[in-house]
Amino acid sequence: MNYIDENQIKNELSIVEMKKPIKFSNKEYPLHQLTDKEFELLLLESFRKNGAKLLEFDDCHLVAGTGDQGRDIIMIQKSITVGVIQCKKYESMITKPQAVKEIIKFVLNALQQPRIYNFNNLSYYFAVSKGFNQPASTLLEHFSTQIEHELKLREWILEVQNEFKKTNLDPSVNFERILETLKSLNVRKLTPYDIAGLMDATIISTFFVVDKVIDVKTFQDMLQRPNMELNDFMKQYRESQKNNFSRINFFGLALTTKPREVPFEKLFVKPSLQRYGKKNSKYFSTDDKNKVNKYNRMELPFSVESGKDENLVDEDLRTVISLKAGSGKSSFIFNLFNDTTLDFFMNQTKQEKLQVEELLKSKKNVVVLGKPGAGKSSLVKHLMIHILSKQSEDIPIRVELHKYNHEKKQGSIGFIEYIYNQLRSEHQINKLIREDIVNFLTNHQVIIFFDGMDEILDVQERISVRNDIENIVNQYKSLKCIVTSRFESYDEVFFNEQQFDLFEVNDFDDEQIKEFVHKWYEIEESNTILRLREVNSCLKELQVIEDELKRNPLLLTLIVILYRNELELPTSKLDVYESCTLTLVDTRDNKEKKLSMHSPISNKIATFSSLAYWQFKKLLDKNQTPLTYKLVHMHVRDYLLTKGEFEYEHDADVVAQNFLDFANIRSIYVENSFTHKTFLEYFTAYFVYSSLFSKGKVNELHLFIGENISSSSWHVVIELLICKIDKAQGDFSFIDNIVERQLSTNAEEATLFFLPLLKYLQNISPRTINHLFEHSIAITIQDEMSTKSGIIRSINSHLMELSKNERFAEKLTKKFDEYESNISSTRHHNSYNIFLLENGIISSSRYIQIVTEEETRDKVMKSTPYLFTLLAIPQMTDANAYISLLKEYIMVFNEKALEKTHKTKFGNTMFLGSDSFHWITTFLFSKDYSHFVNTLRLLIDCGINRRRVIEAIKQDTGTILMSNELLLSKITTETNGARKQIIMTALKKYYAYDLGNNKSNGPFYKNTGKRSRRFPVPR
């Protein structure tokens, strides 16, 4: 295959510079005004610079003499073609027949060049200048699964083959082979919106003249319409949005005299946040006093000598322990916990609780992670109200991602079009035009809350939406976005950590639980004396409820409902859902009596479960149609007829409408959706339980679990299903069979799923628990067994949680000991040492040996740079200690080892509050400015000069603790040229502030203290 020479590409790019089309500030990039060759060059340059966002490759080339072969650019990785790009510059939308024929052309050509293309790992990008019409867009979204169902496929293949007869290529490839190849392709659309997200400032300036002014037609349109000033917009938007969010249709009120709408802020309890990963650190991860007392109970394999400084002294949690190692050659005494090192460990693991408003102050974009029911969407609503109440010019916009994803699939729209439609339809801002949205994003501080990443059930669609978010963030530098998601869904589609800070929603603490109960009863009970009595009684009862239940806002709400209705308080998550749904569904209330509502349906729970399972499958269907009231009503009607509840369609039709009115009154099912995703999941689990387990369909049950256990979308459903099955058991056999069967067919996914579920299961045997632990330890320590990113960290985190549980702690310790005694290779020995040290497993004899025996410690430290770093960190109590360890590190591993950024294997934030450590930069920027100056002086004194520090900053792939505000404040006051240059390099590397370029000042310039920085539009 011949490629266009690079010199020729440079020449053609220089020609482009002479005749660039104008990109008006209110319009999309005029891709259709480029020539065919220019369009190809733009794609080539964009993929070379930013294509790694979409596909991993080493290089890409413009193909020479492609004729009409369905590909213009190819991407190579390790000498293998992994991707091709077909560039089509049309004046109009690409239709479905056009799109399919282009792909067929490529396949027919590629099948005659089998040594070039490997169809098992080939991505086909279809890039267009104007977009695709809806049928084409829908097909390309799901090409591999839907192409065989196209009725005209044979006709289109014949048309292309007839064209081939005019060439010297063989057109006689049979239909089955072509179809098989088409189905194997990973087809991806590249719309103008997608292409814009790949272009950087250099590419834009190469191909377009970007003008601040708008085009004549739009200008004339604007003259003919009332002007949408920011103040006018904000006045109307503020009132509309506050009206939308000020009240909540809450399902958690008592089932007697209950107001359905309550003031949102009157019920909302602000959760606290912490940076994601902080609580994974196992150094002093529980109460420090308890941790120290643990040493009093341990039988140590060495003496603890009495004396003023060599005994256990509990003094304001500053405990001095001197541990003398045995009677061997070394008399080394390792002060495991002295005043300084204990302070170090406590500071490393101190979990600072952050207020939710801190999200708005973050220097980067933000991802907020939380468990089901943690209150992520309520948090978004609170922040929206908070921003709108300040009367500032900040524009907060909420995008429900599952709704956006549906609109995107229906009409190939992007976020700007979606937001424009939303503002006009939901908020009745009719004066708004699309160009106003672009203006707001370009010239004002817009904060978009992308809510509910986890509610996009299909992983590929979730990835596509993730890419859309990253693209709009890259395109509008002053935009800030905040994304919410469940943990497991985020693990599959994580964002670039250079652009996004990760936070997690904490569980409620005791004060928040108390606040919620008081607020809840303020609305529920008007009698002050009775209210106070019930609140105190409820709080007392909650003391015996498991933390995992009462500290989750949604579950706490359901528990309080049950208590209010004088039911026995539940003891498990499953019990909470079961009891609450029965209460909501079966308890009569005054409002229904007034409406004369009586449903003759004999099993409402089963009806809800049928509706939930049907809707869950619809949401997973790539070709779903919008859920309308008519479709929902028809499903309920057909279900009632199928189950024999009614004989005549008319009767079932009336009762189905009555049932949906009932669901709305009870706030279980409103506006064609369950009021909370967890209700959807519970009723779906109930459906599977009653349809498979209750009917003895064991093989179908195993098949259902096996097919869905690896999908995060099904995790809660399967968890509730298995807990429900476990509750029905009298021995270990059935649950053992489920777990062992999944471990034998899909060990990694089964381990990741069942490990956190263990604490809920009562009817699982010790033997199966041990098997699960064996798989977990092997996957965690022998990392070559893991095939998925993040799986090791997740399993490790679950193991550490179980190690604190009395039911499992002893079994786990035995399994660790067994593993340790069977280690044969040096590599696995090093992995096990890392596992112990990162997690701080002080009950392990090997851990104690490492930290107390000088000979063992030295041997471990010198085995790998990472182990040296792990053991050195606790000793970096000041700058002098750090420099001493740095010199030793260089002596052992040479200066080349300084280039590496060490990342924790298990995600623990143990490196000065971070999960990464660079030997030059991390400590240097870890505290205040005087620490920076002092440490830099010591670095220079030991031979690491200014140039070496700057190079280290550029090499570092981690983050620093010193804030951008502090660094920026020193730019104008620092007189030392070397320090100033280092600061400027750090600002550019870690915070995207290029102070030598007035067009690039980081994503959120307002954090520097300038109120309303306006970004100039490049000309």
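**View 1. Helix α21 passes helix α22 in a right-handed crossing.** The model shown here and in the other views is predicted. Helix α21 covers residues 510-524 and helix α22 covers residues 528-542. Their axes come within 10 Å and cross at roughly 145 degrees. On the α21 side, the residues that meet the partner helix are I513, K514, V517, H518, Y521 and E522. They meet R531, E534, V535, C538, L539 and L542 of α22. Sorted by class, the contact of α21 with α22 consists of seven nonpolar, one polar and four charged residues.

**View 2. Helix α34 packs with helix α36 at an angle of about 30 degrees.** The view takes in residues 747-757, which form α34, and residues 791-803, which form α36. The axes of the two helices lie 9 Å apart. Angles under 35 degrees count as roughly parallel, and α34 and α36 are therefore described as roughly parallel to each other. The crossing of α34 past α36 is left-handed. From α34, the contact is made by E748, T751, L752, L755 and P756. The α36 side of the contact is made by I791, S794, I795, H798, L799 and L802. The contact of α34 with α36 has seven nonpolar, three polar and one charged residues.

**View 3. The largest nonpolar core has 168 residues.** Within this core, F608, F674, F754, W919 and F925 touch the most other members. Helix α30, residues 677-693, gives the most to the core, with nine residues. Another core, of 67 residues, lies apart from the largest one. Its members include L383, M384, M453 and V483.

**View 4. Contacts of W919, a residue of the largest nonpolar core.** Neighbours within four places in sequence are left aside here. W919 is then in contact with F868, T869, A872, M876 and Y882, among others. The contacts of W919 also include L885, L886, Y889, L898 and H902.

**View 5. S79 has a positive phi although it is not a glycine.** The phi of S79 is about 70 degrees. S79 is found in the loop between strand β3 (73-77) and strand β4 (80-88). Exposed means over 50% relative accessible area, so S79, at 75% relative accessibility, counts as exposed.

**View 6. N894 has a positive phi although it is not a glycine.** Here phi is about 75 degrees. N894 is found in the loop that lies between helix α42 (879-893) and strand β20 (901-903). Its relative accessibility is 43%, so N894 counts as partly exposed.

How values were computed: Residues are numbered from 1 along each chain as its sequence is written. This is a predicted model: local features need pLDDT of at least 70, side-chain atom pairs count only at pLDDT 80 or more; totals for chains, interfaces and linings use all residues. Side-chain values use heavy atoms; hydrogens and water are left out. Axes are lines fitted to C-alpha atoms, for helices over the stretch in contact, and angles run from 0 to 180 degrees between N-to-C directions. Helices (H or I, at least four residues) and strands (E, at least two) are DSSP runs, numbered from the N terminus. Angles under 35 degrees count as roughly parallel, over 145 as roughly antiparallel, 65 to 115 as roughly perpendicular and the rest as oblique. A crossing is left-handed if the near helix is turned anticlockwise from the far one by less than a right angle, and right-handed if clockwise. Contact means heavy atoms within 4.5 Å. Ala, Val, Leu, Ile, Met, Phe, Trp, Tyr, Cys and Pro count as nonpolar, Asp, Glu, Lys and Arg as charged, and the others, Gly among them, as polar. A nonpolar core is a set of buried Ala, Val, Leu, Ile, Met, Phe, Trp, Tyr and Cys residues joined through side-chain atoms within 4.5 Å. Buried means under 20% relative accessible area, exposed over 50%, partly exposed in between (1.4 Å probe, protein chains only).
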